[in-house]
Amino acid sequence: MAQTGRLSARAAPRYAAWPHAVTLVRVAIILAVLVVWEGLARSGWLYQDVVPRLEIIAAALWKLLSAPDYYVNLGATASEVGLGLAIGGTLGLAVGLALGANRLMARAFEAYLYYLGPTPKIIFFPVMIMWFGVGPGSKVAMGAISCFFPIALSTAAGMRQIDQVLIRVGRSFRCSTWQMVTKIYLPAMRHPIINGVRLGLGVAIIGTLLAELKLSNRGIGFLIIQAYSLFDMPRMYAMLIVLFVLAIGVNALVGRLGGLHAIRTR
Amino acid sequence: MTAALTARDRIVPLALGLGAIAAAIGAVEVLIRLDKINRFIVPLPSQIALSFERVILEEDIVNRFRLTFLECLTAGAMITVVGVLIGLLLYRVALLRAATETWVAAMASAPTVLMYPLFLVIFGRSAWTIIMMGFVSGLPPVILKTIEGLAGTRRVLIDVGRSFKLTPAQQFVKILFPAALPTIFVGVRLGLIFTLINVVGVEFLINFGGLGQLINDLAERYDLPGTYAAICFVILVSVVFFVATEWIERWLRRVD
């Protein structure tokens with residue numbers, strides 16, 4: 001993306017005379033989309049139930065956000081995602097540290113993780129149902145499987161990038177393995193780990209919600225599929241909007257908390 | 001000496017990796033036979049191995065593979081054409097790019113697959129729902145990498161094109177596109193991986209189509225060895241796909 005930044009820098013002076021040009025274009029695009037949507041909804045060319053008017057979606061959004069039931073289900077999904085991330089993340093971190101610390105282990109096993117990482121994890125859901133039942137357990141397992149791979153691979157890669165001087169300093173102080181992990185490896189790998197957690201969180205959310213969509217009786221995934229079954233399209237749009245905002249917001253927040261923003265702008 | 005060391009460097013990790021996997025499979029087989037693991041939850045690995053033939057012959061796996069492949073191919077062609085065109089547009093119109101590039105990046109991290117119930121309503125329970133889901137999820141990396149590739153074209157190449165008084169179309173066809181092709185292919189490869197994940201995932205979720213539906217079918221029939229065998233087959237397909245695209249990417253980078 002360094003090259004991308006170069007073009008932006010070259011193009012920047014053009015907007016100097018009108019510093020809000022980018023914001024104006026963004027607002028114009030959003031307005032254009034809303035106007036086209038409203039026009040389509042009113043035109044009668046498409047089914048009104050599929051493309052409802054904006055005020056109906058806004059009303060559904062308000063109704064959704066003011067219903068306590070929604071927050072109960074949001075809490076259920078959040079707890080499944082959180083638990084899945086904790087389990088998958090801890091395992092991923094441990095495996096990543098083991099692979100990063102040992103060259104032979106990395107050469108023996110990392111390729112399997114690397115190639116298994118991009119496989120569609122949802123196909124493991126029938127197995128997870130067998131192992132952990134139809135309740136929250138299988139959703140947590142889906143979240144854990146989904147986030148395990150990016151966190152393990154990111155940690156292993158991060159560990160290999162640690163400055164050897166730091167490792168030698170730790171060894172010269174005769175640090176134990178635990179001290180090496182907590183005082184040298186983890187602080188030095190903060191950014192790759194946070195990056196892995198950020199990627200892992202995104203896929204854990206997707207994995208958990210897909211599992212809820214497939215088979216559940218609570219959670220946001222369940223509410224979405226319920227809205228689909230009842231053909232309540234405004235509610236479905238409202239839920240998707242909230243979900244997208246939440247997923248992108250949480251992702252950005254984790255990146256910011258981990259100082260990734262500072263790295264990029266440095 | 002060096003050659004012997006290199007061979008040992010390669011063989012030992014490979015043997016360790018394969019040996020560990022074989023040992024784990026053997027341990028599961030023994031534990032199931034000793035009734036330490038419930039065989040109604042985890043079938044015997046030997047049973048899974050035997051069911052491969054049955055799944056391939058009885059479940060019409062060739063046709064299912066063809067269907068999934070065609071869905072991926074259609075979505076792949078769409079993300080390539082649309083992604084490159086949008087990338088080109090954003091490269092040419094810098095203001096538009098400055099306004100929307102972060103949105104495209106956000107789209108790449110958004111859980112777009114959750115829109116599948118919406119796509120089911122719009123396109124019905126058909127291959128188009130699956131293709132469109134693959135398309136939507138695979139598009140952002142192609143756009144981003146196209147912009148990156150075009151913007152990264154060496155200044156000297158563009159100047160050579162200008163010195164030959166090439167038209168903008170010629171400049172694109174003869175200079176920009178060939179120079180950006182390796183980076184664009186990285187985007188296409190990433191997009192294809194997202195597409196494959198979503199195509200198989202949505203097939204499984206809506207119980208329609210090829211390999212994803214096969215897993216769902218077998219699981220609903222409680223054919224455990226068959227389900228595990230089908231999962232192994234899908235993993236194998238994705239790994240082969242991943243390796244093949246990676247190989248093409250390396251080849252393109254070498255040409256570059």
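1. The contact between the chains. Chain A puts 50 residues into this contact and chain B puts in 42 residues; two residues are in contact if their C-beta atoms, placed from the backbone, lie within 7 Å. On the side of chain A that touches chain B, at least two residues each come from α1 (2–11), α2 (21–43), α5 (103–116), α6 (125–132), α10 (190–214), α11 (220–229) and α12 (233–257). Helices (H or I, at least four residues) and strands (E, at least two) are DSSP runs, numbered from the N terminus. The most is given by α12(A), with eight residues. Sorted by class, this side of chain A has 39 nonpolar, six polar and five charged residues. Here Ala, Val, Leu, Ile, Met, Phe, Trp, Tyr, Cys and Pro count as nonpolar, Asp, Glu, Lys and Arg as charged, and the others, Gly among them, as polar.

2. What kind of model this is. The model is predicted, so local features need pLDDT of at least 70 and side-chain atom pairs count only at pLDDT 80 or more, while totals for chains, interfaces and linings use all residues. Residues are numbered from 1 along each chain as its sequence is written, and chains are lettered from A and ligands numbered from 1 in the order in which they are written. The scores of the model are ipTM 0.83 and pTM 0.83.

3. Confidence by chain. pLDDT is the predictor's confidence in each residue, from 0 to 100. Its mean is 85 in chain A, where 89% of the residues score at least 70. Within chain A, the lowest mean, 42, belongs to α1(A), and the highest, 94, to helix α3 (residues 54–65). Residues 1–12 of chain A have pLDDT below 50, and this stretch has 13 contacts in the model beyond near neighbours in sequence. Where pLDDT is low, the predicted coordinates should not be read in detail. For chain B the mean pLDDT is 88, with 96% of its residues at 70 or more.

4. The make-up of chain A. Chain A has 13 helices and zero strands. Of its 266 residues, 38% are buried. A residue is buried if 20 or more other C-beta atoms lie within 10 Å of its own, exposed if 12 or fewer, and partly exposed in between, with C-beta atoms placed from the backbone. Taking contacts in chain A between residues at least 6 apart in sequence, 74% join residues at least 24 apart.

5. The nonpolar core. A nonpolar core is a set of buried Ala, Val, Leu, Ile, Met, Phe, Trp, Tyr and Cys residues joined through C-beta atoms within 7 Å. The largest one has 120 residues, and A:Ile123, A:Ile224, A:Met239, B:Tyr116, B:Ile215 and B:Ala230 have the most contacts inside it. Its largest share, 19 residues, is supplied by α8(B). Apart from neighbours within four places in sequence, A:Ile224 is in contact with A:Leu213, A:Met236, A:Met239, B:Leu114 and B:Pro117.

6. The domains of chain B. Chain B is divided into domain 1 (2–42) and domain 2 (55–255), with bounds that come from an automatic or database domain assignment. Taken over C-alpha atoms, the centres of the two domains are 34 Å apart.

7. Helix α9 (residues 211–220) of chain B is mostly covered, with eight of its 10 residues buried. Among them are B:Leu211, B:Gln213 and B:Ile215.

8. B:Leu67. This residue sits in helix α3 (residues 61–92) of chain B. B:Leu67 counts as buried because it has 21 C-beta neighbours inside 10 Å. Not counting residues up to four places away in sequence, B:Leu67 touches B:Gly209 and B:Gly210. From B:Leu67 to B:Trp103 there are 36 residues in sequence and 32 Å in space, C-alpha to C-alpha.

9. Positive phi values. Most residues other than glycine have a negative phi. A:Arg174, which is not a glycine, has a positive phi of about 55°. A:Arg174 lies in the loop between α8 (164–172) and α9 (177–188) of chain A, and is exposed because 7 other C-beta atoms are within 10 Å. In chain B, Lys165 also has a positive phi, near 55°. B:Lys165 is in the loop between α7 (155–163) and α8 (168–206) of chain B, and is exposed, with 8 other C-beta atoms within 10 Å. B:Tyr222, which follows α9(B), has a positive phi near 55°.
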